[in-house]
Amino acid sequence: MHALTATGTLTRFALRRDRLSTTIWTVALAFMAVYPAIALQTIYPTAADRQARAALMTNPAAIVMSGPGYGLDDYTIGAINANEMLLWLMLASAIMNILLITKHTRAEEESGRAELIRAGVVGRYSGMTAALLAAVVANLAVTVLTALGLLVAAFDFGDSLLYAAALGVTGMVFAAISAVAAQLAEHARAGTGIAMAVLGAAVLADGIGNVQETHGNWLSWLSPLAWAQQTRSFVDARWWPLLISVAVIAVLVAAGYALSARRDVGAGLLPARTGRAHGSAMLGSPLGLALRLQRGLFIAWAAALTLTGLAMGSLVGAAQDMLNSNEDISKKMSALVAPSATSAADGFISVILLFIALLAGVFAVSSTLRLRSEETSGRVEPLLATATGRWRWMGQGLIVSVVGAAVLLMLGALGLAVTVSADLDRAGEYGRVMQAASAYLVPEVFLCALAAVLFGIRSALAPLAWIAIVYAGVVGMFGGLMNLPDWSQKLSPFHAVPQLPASDPDFGPLIGFGGAAVVLLVLGLVFFRRRDAALS
């Protein structure tokens, strides 16, 4: 039997299982790549408008949140799109590929299905090859849809193709990284965590390198994200940086195959820590069990958000100095990112707090979805067969998600407050930043409640909660850039948060979302109590 026997069958099976989620991911990515390019033509119709926009992209905060900034001397619509959208599209594409590869490799082994499949006429490398081929199909779809969309919008053929190819190839880099991570960890969550940590390191290396030197230095070149940015699409197109991505993909895939041959099915190369002979008394309750299951994930997120707050806060002073030196740019920047801000520093603090709150929102959703994974894995049924009631099990799981998201939000804000206070030499910033961050607690609870009610109605509906966080991210970070209608922005719970460091607060919308969150939480518990548990 060949090592790749039945690869085609497994690939078709993987594509069929993911036909809905892959379609949503690819269409959403292509839409986000094409729509801003079209909208920007209306928002910035003249060269003077575009040059005013270019002047905003030279401050450290903008560089970290966009990229090296090519073509600022003659800022075309294509250059705006490439500079300010590509980084975020690559982040979303990387997450799609990490989740896809982990689902079809490590998660399959963890559930026992991989071992069952291997009992048939299936080659040793067929499973991982099928997962990689599914990723190729998804990234190829993103590339083709993006290129076609840009061509229909009358952008240059070569630049459109290069922009779309850079997005697709970078997605495959993180698919390959995830394939290696799946060989190292024993559990799917740990594999996902390793790949996400690499993604976080790539973002930091890219941002710091671009700030230290115009158009990046050696540090940014260590990041796979920079290789796509260095193609300079719509400015000075060059294809050769993508050869680095292709070479890295080949090396990582080869390493993944080599590592998979050195371990048993279901085992990871990194040694698993031996557990205690007797469990803690705290594990005797659903709350203690939920805390134990989410402890590792929470610690990783806490470290990441604290470091993010510290790093972002250190840029506020430099951004304020730059904007204060140009009043016209400062007014335009404030109108774009924080309309009610009373100073450049407050405007940046508002944007950074939104970014931290969105990251905490990602934890809120993923933590709540742990309820679904526990149910579909079959671990809930024996638990509910004891004296533990459904409301108690789900309710205490939700408490961990809500409190965990709130703590992460405040840790990120604390890191931001520390560096902002030191950078601006104003001790009073502690209280202002922490007060502003506390207003985002309501959106975090709302996201948990939305995931809870979807889970309560039907387990399979729970992942739809990701749409809410993606929508909030798009509206929050790009609502001003894309000139989205006001009604669409009001649908986001994060838009209801007043910019507390900078304006007269209006808590009405926030109270509305808070009330809706309470109702959704109660409905989630009621629905879950009335339905049958999903079988693994």
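Helix H5 (77–104) and helix H11 (224–229) each supply at least two residues of the lining of the second largest cavity, where helices are DSSP runs of H or I with at least four residues, numbered from the N terminus. The model is predicted, so that local features need pLDDT of at least 70 and side-chain atom pairs count only at pLDDT 80 or more, while totals for chains, interfaces and linings use all residues. Residues are numbered from 1 along each chain as its sequence is written, and side-chain values use heavy atoms, with hydrogens and water left out.

**Cavities**

- The whole structure holds four cavities of 30 Å³ or more, a cavity being a set of points, on a 1 Å grid over the protein atoms alone, where a 1.4 Å probe fits but cannot get out, and lining residues having an atom within 4 Å of a point.
- The second largest cavity has a volume of about 90 Å³, a volume being the space filled by probe spheres set on the grid points, which are joined across faces, edges and corners.
- Among the 13 residues that line the second largest cavity, Tyr70, Ala82, Asn83, Leu86 and Gln229 are the closest to its centre, and H5 provides the largest share of this lining with four residues.
- By class, the lining of the second largest cavity has six nonpolar, six polar and one charged residues, where Ala, Val, Leu, Ile, Met, Phe, Trp, Tyr, Cys and Pro count as nonpolar, Asp, Glu, Lys and Arg as charged, and the others, Gly among them, as polar.
- Two or more residues of the lining of the largest cavity come from each of helix H1 (7–17), helix H6 (106–111), helix H7 (113–118) and helix H8 (126–152), with H8 giving the most, five residues.
- The lining of the largest cavity divides into 11 nonpolar, seven polar and seven charged residues.

**Aromatic rings**

- A search of the whole structure finds 12 aromatic pairs, in which rings of Phe, Tyr and Trp (its six-membered ring) have centres within 6.5 Å, with planes under 30 degrees apart counted as stacked, over 60 as edge-to-face and the rest as tilted.
- Trp221 and Trp240 form a stacked pair, 6.0 Å centre to centre with 5 degrees between the planes; because Trp221 lies in the loop between helix H10 (188–212) and H11, and Trp240 in the loop between H11 and helix H12 (241–260), the pair ties together parts that are 19 residues apart in sequence.
- Trp221 is partly exposed at 27% relative accessibility, as is Trp240 at 42%, where buried means under 20% relative accessible area, exposed over 50% and partly exposed in between (1.4 Å probe, protein chains only).
- The pair of Trp393 and Phe455 is tilted, because the ring centres are 6.4 Å apart and the planes lie at 50 degrees; Trp393 belongs to helix H19 (residues 390–424) and Phe455 to helix H21 (residues 441–457), so this pair ties together parts that are 62 residues apart in sequence.
- Both Trp393 and Phe455 are buried.

**Arginines over rings**

- Arg390 lies over the face of Phe528, at 5.0 Å from the ring centre, under a criterion that places NZ of Lys or CZ of Arg within 6 Å of the ring centre and within 35 degrees of the ring normal.
- Arg529 lies over the face of Trp391, at 5.2 Å from the ring centre.

Key
On a 1 Å grid over the protein atoms alone, a cavity is a set of points where a 1.4 Å probe fits but cannot get out, and a pocket is an open set with protein on both sides within 12 Å along at least five of seven lines; lining residues have an atom within 4 Å of a point.
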